[in-house]
Amino acid sequence: MSVDTATVKKIASLARIAMRDDEAEAMVPELNNILGWIEQLGEVDTSAVEPMTAVIPNHLRLREDVVTDGNCRDKILANAPQAEHGFFAVPKVIE
């Protein structure tokens, strides 16, 4: 794939970047070099490489998936500024 001055101007327009003609011409070889590097990466054989999410090994710390009924209303309401009848009490906002 090759980039020309018209393509650079189109990309600049889409990105809302103001570019003079000489700046657009200077960007043509830069973008072509970048696309060349990307093509080189496509030639690398990665069939023996396992997919990964990070370069360091990460292990998820999972808890046991157990259904519980909670049964800790008093502990939760202990954090409330005001509680009434087993619920959070909030001031009336609308008159």
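User: What is the relative accessible area of Val28?
Analyst: Val28 lies in helix 2. The residue counts as buried, where buried means under 20% relative accessible area, exposed over 50%, and partly exposed in between (1.4 Å probe, protein chains only). Its value is 15%.

User: What kind of model is this?
Analyst: Residues are numbered from 1 along each chain as its sequence is written, and side-chain values use heavy atoms, with hydrogens and water left out. Local features need pLDDT of at least 70, side-chain atom pairs count only at pLDDT 80 or more, and totals for chains, interfaces and linings use all residues, because the model is predicted.

User: Which residues is Val28 in contact with, leaving aside neighbours within four places in sequence?
Analyst: Contact means heavy atoms within 4.5 Å. With neighbours within four places in sequence left aside, the contacts of Val28 are Val3, Asp4, Thr5 and Val8.

User: How far apart in space are Val28 and Ala48, C-alpha to C-alpha?
Analyst: Val28 sits in helix 2. In sequence, Val28 and Ala48 are 20 residues apart. In space, C-alpha to C-alpha, the separation is 36 Å.

User: Which pattern does the protein follow along the sequence?
Analyst: Helices (H or I, at least four residues) and strands (E, at least two) are DSSP runs, numbered from the N terminus. The protein has three helices and two strands. Read along the sequence, they give α-α-α-β-β.

User: What is the radius of gyration of the protein?
Analyst: The radius is taken over C-alpha atoms, and the globule rule is 2.2 Å times the number of residues to the power 0.38. For 95 residues the rule gives 12 Å. The protein is well over that, so it is more spread out than a compact globule, with a radius of gyration of 30 Å.

User: What box do the C-alpha atoms of the protein fill?
Analyst: Buried residues make up 8% of the 95 residues. Along the principal axes, the C-alpha atoms fill a box of roughly 75 × 50 × 20 Å.

User: How far apart are the C-alpha atoms of Gly42 and Leu77?
Analyst: Gly42 lies in helix 2. At 64% relative accessibility, Gly42 counts as exposed. Leu77 is 35 residues from Gly42 along the chain. Their C-alpha separation is 58 Å.

User: How far apart are the C-alpha atoms of Pro57 and Arg73?
Analyst: Pro57 is in the loop between helix 2 (21-42) and helix 3 (73-77). Pro57 is exposed, at 69% relative accessibility. Pro57 and Arg73 are 16 residues apart along the chain. Between their C-alpha atoms lie 39 Å.

User: How many salt bridges does a search of the whole structure find?
Analyst: Side chains of opposite charge can pair when their charged atoms come close. A salt bridge here is a side-chain nitrogen of Lys or Arg within 4 Å of a carboxyl oxygen of Asp or Glu. The number found in the whole structure is three.

User: Which helices hold Asp21 and Lys9?
Analyst: The two side chains meet in a salt bridge at 2.7 Å, N to O. Both are partly exposed, Asp21 at 46% and Lys9 at 38%. The pair ties together parts that are twelve residues apart in sequence, because Lys9 lies in helix 1 (residues 5-14) and Asp21 in helix 2.

User: What is the phi of Arg16?
Analyst: Most residues other than glycine have a negative phi. Arg16 is in the loop between helix 1 and helix 2, and is exposed at 73% relative accessibility. Its phi is positive although it is not a glycine, at about 60°.

User: Near what value is the phi of His85?
Analyst: His85 is in the loop between strand 1 (83-84) and strand 2 (87-88). His85 counts as exposed, at 74% relative accessibility. Its phi is positive in a residue other than glycine, near 55°.
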